[in-house]
Amino acid sequence: MTDQALVVFDGVVKSFGSFVAVERMDLDIRKGEFLAIMGSSGCGKTTTLRMLAGLEAPTEGEIRLAGKRINDLPTWRRDTPMVWQSLALFPFLTVRENVEFSLRMRGVEMAERRQRVDKWLDRMQITEFADRNVAHLSGGQRQRVALARSLVTEPEILLLDEPLSALDAHLKVRMQTVLSNLQKELGITFVYVTHSQSEAFSMADRVVIMSRGRIEQIGNPQEIYRAPRTKFVAEFLGSSNVFAGKVSAADGDAIRIATPSGEFDVARNPAKTLAKGDKATFVVSGDRVQLSNERPVGVNGMQASVVGEEFVGATAVIHLEGVDGLELKAQKSHDELEQINLIPGAKIWVSWRAEASHILPGE
């Protein structure tokens, strides 16, 4: 991956009548990067992908690919193949015929077609299914056919619209590894639309979080997880505890914020200047929260009631409720929870260090 921009969205707006699906987007997609665009339904992520593919035209602004304006360029002249959520394979064709379809449409000679198709069948480990009808393949095998069909033209960029959503959990994890390794080996740009945090964070170099047609935050997965910019991003991730209040003390590096749940010491965020009396919102990730039966000493602490326990494999998410009704989450290993009273309704102490908190700069 380089810092060179392969795709530029320059002031792009997309409206459908009076409804604005994408609001004035400025976005650079770097050459050779794996970029994931995520958000809830209706946030504009798929519309953004469709504009890049040429399936929708921007209402305003300009989209450039390799420095060339492509607003009015038809889909078949963009070289921006897409892997669809439905895969959109031709059910009446064999695996080989599906993969070679785009080469045939481009007038590639038969000998070269066969050579390139064989290369991609082998690369995607589906050579043995070459003469089989795609309707007789498993979900993972069809996924590989769709990838081979898109990549056989050796494009600079590949667009993927929730391609793993129809797969079962085990196969989804395997295909995440396939996609991630493939992108690194090829060095081409992947633009991947998903609503799944685990998919985006496990594969992408950078993640774009969208809400109501706007970009809320762009960054690498660790930046977004540990340092969300807005309350929307923090709540969208689902792993953060969000506290809102007013600054009661601001001396040097020490910030104290009074909230309905109590007063807490918070690490100063250099991206946001705060003074006494200012409104402030901070978050604490669930994996940085400690639970105990006894009142903690020397750290932030509050008492909460156990609501329930959610088993998530090697860890568990404990759902809690503060005295003011604030919903809290703590993600801990099962060993850490052995000595804690987790009976629903039980009172336990929730604590965290000031350094574990993050003041939202965008609030």
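In the predicted model, the contact between helices α2 and α3 is formed by Val-95, Arg-96, Val-99, Glu-100, Leu-103 and Arg-104 on the α2 side and by Arg-113, Arg-114, Arg-116, Val-117, Asp-118 and Leu-121 on the α3 side. By residue class, this contact comprises seven charged and five nonpolar residues, with no polar ones.

The buried residues of α2 are Val-95, Arg-96, Asn-98, Val-99, Glu-100, Ser-102 and Leu-103. Packing of the buried residues of α2 involves α4 as well as α3. Beyond the end of α2, Gly-107 adopts a positive phi, near 75 degrees. A glycine with positive phi also occurs just after helix α1, where Gly-54 has a value of about 90 degrees. Helix α1 itself, residues 45–53, is mostly covered, with seven of its nine residues buried. These are Lys-45, Thr-47, Thr-48, Leu-49, Met-51, Leu-52 and Ala-53.

A further helix pair is formed by α4 (residues 139–151) and α5 (residues 169–186), whose axes approach within 11 Å and cross at roughly 20 degrees. Because an angle under 35 degrees counts as roughly parallel, α4 is assigned as roughly parallel to α5. The crossing of α4 and α5 is right-handed. Helix α4 contributes Gly-139, Gly-140, Gln-143, Arg-144, Leu-147 and Leu-151 to the contact, while α5 contributes Leu-171, Arg-174, Met-175, Val-178, Leu-179, Leu-182 and Leu-186. Eight nonpolar residues, three polar residues and two charged residues make up this contact of α4 with α5.

Within helix α5, Leu-179 has a relative accessible area of 2% and is therefore classed as buried. Apart from residues up to four places away in sequence, the contacts of Leu-179 are with Phe-34, Leu-147, Leu-160, Leu-164, Phe-190, Tyr-192 and Met-203. One of these partners, Phe-34, is 145 residues from Leu-179 along the chain, with a separation of 9.8 Å between the two C-alpha atoms. Leu-147, another of the partners of Leu-179, belongs to the α4 side of the contact between α4 and α5.

Glu-162 has a phi near 45 degrees and is situated in the loop between β7 (157–161) and α5. With a relative accessibility of 11%, Glu-162 is buried. Arg-212, also a residue other than glycine, has a positive phi near 50 degrees and occupies the loop between β9 (206–211) and β10 (214–219). In contrast to the buried Glu-162, Arg-212 is exposed, at a relative accessible area of 66%.

Ser-239 is found in the loop that links α8 (231–237) to β11 (240–251), and a relative accessible area of 13% places Ser-239 among the buried residues. Excluding residues up to four places away in sequence, Ser-239 touches Tyr-225, Val-284, Ser-285 and Gly-286. Thr-259 belongs to strand β12, which comprises residues 254–259. Thr-259 is likewise buried, with 12% relative accessibility. Beyond its neighbours within four places in sequence, Thr-259 makes contact with Phe-243, Ala-244, Gly-245, Phe-264 and Phe-282.

At the level of the whole protein chain, eight helices and 20 strands are present. The C-alpha trace spans about 75 × 45 × 35 Å along its principal axes. The chain contains 363 residues, of which 50% count as buried. Of the contacts between residues at least 6 apart in sequence, 66% join residues at least 24 apart.

Definitions and conventions
Residues are numbered from 1 along each chain as its sequence is written. This is a predicted model: local features need pLDDT of at least 70, side-chain atom pairs count only at pLDDT 80 or more; totals for chains, interfaces and linings use all residues. Side-chain values use heavy atoms; hydrogens and water are left out. Contact means heavy atoms within 4.5 Å. Helices (H or I, at least four residues) and strands (E, at least two) are DSSP runs, numbered from the N terminus. Ala, Val, Leu, Ile, Met, Phe, Trp, Tyr, Cys and Pro count as nonpolar, Asp, Glu, Lys and Arg as charged, and the others, Gly among them, as polar. Buried means under 20% relative accessible area, exposed over 50%, partly exposed in between (1.4 Å probe, protein chains only). Axes are lines fitted to C-alpha atoms, for helices over the stretch in contact, and angles run from 0 to 180 degrees between N-to-C directions. Angles under 35 degrees count as roughly parallel, over 145 as roughly antiparallel, 65 to 115 as roughly perpendicular and the rest as oblique. A crossing is left-handed if the near helix is turned anticlockwise from the far one by less than a right angle, and right-handed if clockwise.
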